[in-house]
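Here's a quick tour for anyone meeting this structure for the first time. Have a look at the sequence and the model, then read on.

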4 protein chains.
Amino acid sequence: MIKTAIVGATGYVGEELVRILAQHPQVEISYIISHSYVGQSYASIYPSFNNIITEKCLEKNLEELADKVDVLFIALPHGIACKKIKPELLKKVKVIDLGADFRLKSQEIYQEWYNVEHEAPELLNEAVYGLCEWKREKIKNARLIANPGCYTTCSIMSLLPIVREGLIEEDSIIVDAKSGVTGAGRSLGLSVHFTECNESTKAYKIASHRHTPEIEQELGVKLTFTPHLIPMQRGILATCYAKLKDKSLTYEDIRQVYLKYYKNEYFVRILEKDTYPETRWVRGSNFFDVNFKIDNRTGNIVIIGAIDNLVKGAAGQAVQNMNIMFGLDERIGIDNVPACL
Amino acid sequence: MIKTAIVGATGYVGEELVRILAQHPQVEISYIISHSYVGQSYASIYPSFNNIITEKCLEKNLEELADKVDVLFIALPHGIACKKIKPELLKKVKVIDLGADFRLKSQEIYQEWYNVEHEAPELLNEAVYGLCEWKREKIKNARLIANPGCYTTCSIMSLLPIVREGLIEEDSIIVDAKSGVTGAGRSLGLSVHFTECNESTKAYKIASHRHTPEIEQELGVKLTFTPHLIPMQRGILATCYAKLKDKSLTYEDIRQVYLKYYKNEYFVRILEKDTYPETRWVRGSNFFDVNFKIDNRTGNIVIIGAIDNLVKGAAGQAVQNMNIMFGLDERIGIDNVPACL
Amino acid sequence: MIKTAIVGATGYVGEELVRILAQHPQVEISYIISHSYVGQSYASIYPSFNNIITEKCLEKNLEELADKVDVLFIALPHGIACKKIKPELLKKVKVIDLGADFRLKSQEIYQEWYNVEHEAPELLNEAVYGLCEWKREKIKNARLIANPGCYTTCSIMSLLPIVREGLIEEDSIIVDAKSGVTGAGRSLGLSVHFTECNESTKAYKIASHRHTPEIEQELGVKLTFTPHLIPMQRGILATCYAKLKDKSLTYEDIRQVYLKYYKNEYFVRILEKDTYPETRWVRGSNFFDVNFKIDNRTGNIVIIGAIDNLVKGAAGQAVQNMNIMFGLDERIGIDNVPACL
Amino acid sequence: MIKTAIVGATGYVGEELVRILAQHPQVEISYIISHSYVGQSYASIYPSFNNIITEKCLEKNLEELADKVDVLFIALPHGIACKKIKPELLKKVKVIDLGADFRLKSQEIYQEWYNVEHEAPELLNEAVYGLCEWKREKIKNARLIANPGCYTTCSIMSLLPIVREGLIEEDSIIVDAKSGVTGAGRSLGLSVHFTECNESTKAYKIASHRHTPEIEQELGVKLTFTPHLIPMQRGILATCYAKLKDKSLTYEDIRQVYLKYYKNEYFVRILEKDTYPETRWVRGSNFFDVNFKIDNRTGNIVIIGAIDNLVKGAAGQAVQNMNIMFGLDERIGIDNVPACL
């Protein structure tokens, strides 16, 4: 059994990690760490865990946990993990950080977009960007995983095959992404008050969302990214636009490119021609669904990808990373059927 | 492995059965039967099953299936199962009927409420009403299970302990139930058009819903039952009212009664005092959550129960019945953590 | 033109008042008072008012306002209005209080349910409970209106005809009410976080909600009241249960009773037999829709009423009160067609 | 009083027309025409109209209506209006067609996108495309108005100022639009079944939606258009992307361009810098809200526009057209405050 601690277990990503790990046959949840709810039973915060999780929330420092568990999952706001994770820690325990602190390779870009000092720049090089389907070999031996963001996972997975193959004009990429409200987290605010986001749609952080440099780093191109808030619990739909260099490319040509990269990937589903992703078809699962259409009238390609933001976009991919790091079948504990209803 | 066929697999209850059975470690889905989609791949109807279910929908009669599987799950509109299920069939295969045809012991009451002739009255006596926590011993040896309805499961589970103990005035029971829209099924109609049921609430089939005689049969008392439609996918909340015979009874007294019947039941969760069920805490799971409050000012008790209508209220309980019938641990395949987000 | 000030204009009830009064042909909004947003333009808080309301939020005491306007609308949390409204104030200005402070005639009951001292008990007798259809004559000459609560308006309007006529057993009344989330107000809290109340239903403040004594005062009987939170913006549906004294009463008999009280009431709509209220049919309007069914099997009557909680349940009824007080046609400014889509 | 007939009054656009016209002080609704509900009272189909509309649905041909009313509103599926509207009809009555038949100037393009024969090509030239803010002078004397589509109104209004001024690269335009479900109309289908579109988001008719040629006609450029279905009742948000020719243009420069075209337009609201449209701020109103951001990193401009699809995107704009045609103040009957809650 792999012994785990979840640090930041009472946020939405933390809850999803607890939910997945509690059902993982090779895992033991040893510690549930929550600064805000120390001493309270986890099931009193999320009564869905009644009869299932009896542990209380604790507060412990990472060094102490490192001596007792095999892997630390860290789900904290940015700027905290880079203060707490030190090179010595990584000698004792594997770390999967679900926050943003180790995703960007460039300290300057991090500081520019996040407006805080990065306190562990010496680890940026070692940290492996945990986009499993694209970094599997590096993940196997990693000590520190920077688990990708939700928008970024969906955007990069959608675009990387055709970018990698050089099929599109590099200055033409637009990503218009739509997210359910769990993506905004559990913190209170008017923007997540039911009656302020239900029955409405809006764009936010236009051309300024922090997932932008992360997408750009992995694609190697600049682009315009616009996130939108959708009145639903879960799900990200990324509608990606780009100009094809070669206007004679057909749907089948592009499909072959996606198959080249994804045909053996269990968690990637390239849908049948003329059927397109909907967020409900991946709900609650670790799947990434994708399809695309060539707009012959304009020479643009439209690629549509969908994930569950809390699973493949956060906790599910974190567990996929753990499975890879510990030599398990990648699918264990996260191969459930999407709950489409 | 238990070989199964699901008849009526493309309705919402059918989908949920396929979803649960596809993940059940002791089960093989041998046949997916759907009159409406013969020849189409199941995953083309529910793309959530892409990469998971490759079977096509078939049409086969029950006799043929009986020779090839161990258990038949039947999820068809009322009036069909009682035409198709014959005594000879039960000699060859176990049957779990998720429809209404074998739930009522009285042919007259069935015909009065359903307005159709019952074509297999000779089986009414043999059929076991599959409310697992209350009929476990009979279920073990049953050949034909009448899987309870969604409203009925929630209502009976909420009320039976205090009714059984004779604590309430028998003519005082009111059940005010609220259901998500999956309860109305997949058939088209204005009442399930998104813009006709979203952002609204209504009562329907007031004092005339067909689950009423089923609740009354199991409780042994008459009552007024009002179902309501709530703009959400899943979940039933039953708010039950009754007058206590003895006004001096305390919360603790009543709690002991619920513990007497439920304390060893994995799928029943009596919540802590002063916390009450919400449908999200059981979403996607087989749990029944319950708690109650005594209104000392009026002498009424208010009991609140919650289930997921598609799981404990349909497919989950059907699988629980199967587990009991086949001598498995009752929880296998249905012990997942609720998906509260 | 009637000069008005709205005190507490940035809460949801305040917004709805501003929205209605801004479109009222006989009204001028002279002051928008908001303690929390002093100096900010109202349209920056609610951008729906862009191009319509250019005023800023001010902070002014009631005495100052009383010299400048004809009527004060007060939409503040309980316990504040009774501190601020003094007998001298009422000599200068009419006051419509949308809070709870002057609804209960008994200071003791107020203090028992609200847990605060009532600081203006000398006004309790003078204050008129502004349930327009039932108190019209008193409202005409009132100086201080206690505008009824949302649940209470719907519950009393549903039940008062048969209670007044003595048709039901007095200890048998149950009110099971369902409300949209605007009813919880604009204050932040986990219970109104989108992802904590969307896709779920719950009862709350069971047998202890503060609208209970208000309903009881007007009906003159004790009852059990259970409010529920429904994932929608607006609307209250009250499902009311009671035992009929005379089991031979027919639908038509009871209909005559409702017609006796309501047949000349513009804002009351007794629906056709066998059609029942849905909250969407009154959305955004001042209508109260009602119908009922006799459950002959149990001798219970089920009465279902629906209002928009922010309109007939708050701001609309407040304006209806103002119209009556100032001798206007009662319907002016609030006779819009419900927005059912 | 302007006498009106509404043909196709029971669809969602029809309902919205009836709702608006019933409250228009200069209008009399003379005939409510519905093929599907002949003989039924309108209020039995939409009970929101109880006590307000007592008329029954009739079936009458346009010629007969033309003799009795001043203006015909036609809200029928495409392909029908062009069969029914003949040049002689226009000599007798003004016609506002809310369908697609007269929007496209080119018969060929119409037939290509709609796959039906156009049966009144001789009227295509005369028909005035009723985008009020841009065609006001022509509308004044029009006999036949082609009322714009919902997506098109929002897209054209968002983009036309900068396209007209030649500020963007013409082959760079992307419109990513999001619509509430009323946009799909009242017809039944799985795609509008509550549980199939609630809690999910999808793109549909990618690069093939019929509003595309309409947008292109008015803008005079080709573009890629992707509509998305959002789980909400009303509202369209159009997120528009284009490459600026001159990278040195500032927010203020572009703002001046929008002000040039819109500063005197009551129904256009250019929001304050850094605040962006949300569909709820225009809900139930005829406003078009807009703002934009320059993404200096990529040279793209992102323009975001929002309307209520049933009002400015259909019935409201139709009434605005009527007001212009009959010489009324353009705002009459449609100047209500948005219902943001």
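## Two helices in chain C

At what angle do the axes of helix 8 and helix 12 of chain C cross? Helix 8 (residues 150–164) and helix 12 (residues 311–325) of chain C cross at roughly 100°, with their axes coming within 8 Å. That makes helix 8 of chain C roughly perpendicular to helix 12 of chain C, a label for angles of 65 to 115 degrees. Axes here are lines fitted to C-alpha atoms, for helices over the stretch in contact, with angles running from 0 to 180 degrees between N-to-C directions. Helices (H or I, at least four residues) and strands (E, at least two) are DSSP runs, numbered from the N terminus.

So who meets whom? From helix 8 of chain C come C:Cys150, C:Thr153 and C:Cys154, and they meet C:Lys312, C:Gly313, C:Ala314 and C:Gln317 of helix 12 of chain C. Being in contact takes C-beta atoms, placed from the backbone, that lie within 7 Å. By class, this helix contact has 3 nonpolar, 3 polar and 1 charged residues. Ala, Val, Leu, Ile, Met, Phe, Trp, Tyr, Cys and Pro count as nonpolar, Asp, Glu, Lys and Arg as charged, and the others, Gly among them, as polar.

## A word on the model

This is a predicted model, where local features need pLDDT of at least 70 and side-chain atom pairs count only at pLDDT 80 or more, while totals for chains, interfaces and linings use all residues. Residues are numbered from 1 along each chain as its sequence is written, and chains are lettered from A and ligands numbered from 1 in the order in which they are written.

## Chain C meets chain D

Chain C and chain D each put 30 residues into their contact. On the chain C side, helix 1 (residues 12–22) gives the largest share, 5 residues. That side has 15 nonpolar, 9 polar and 6 charged residues.

## Chain A meets chain D

Here 37 residues of chain A are in contact with 37 residues of chain D. Among the elements giving two or more residues on the chain A side are strand 10 (236–243) and strand 12 (288–295).

Key:
Two residues are in contact if their C-beta atoms, placed from the backbone, lie within 7 Å. Angles under 35 degrees count as roughly parallel, over 145 as roughly antiparallel, 65 to 115 as roughly perpendicular and the rest as oblique.
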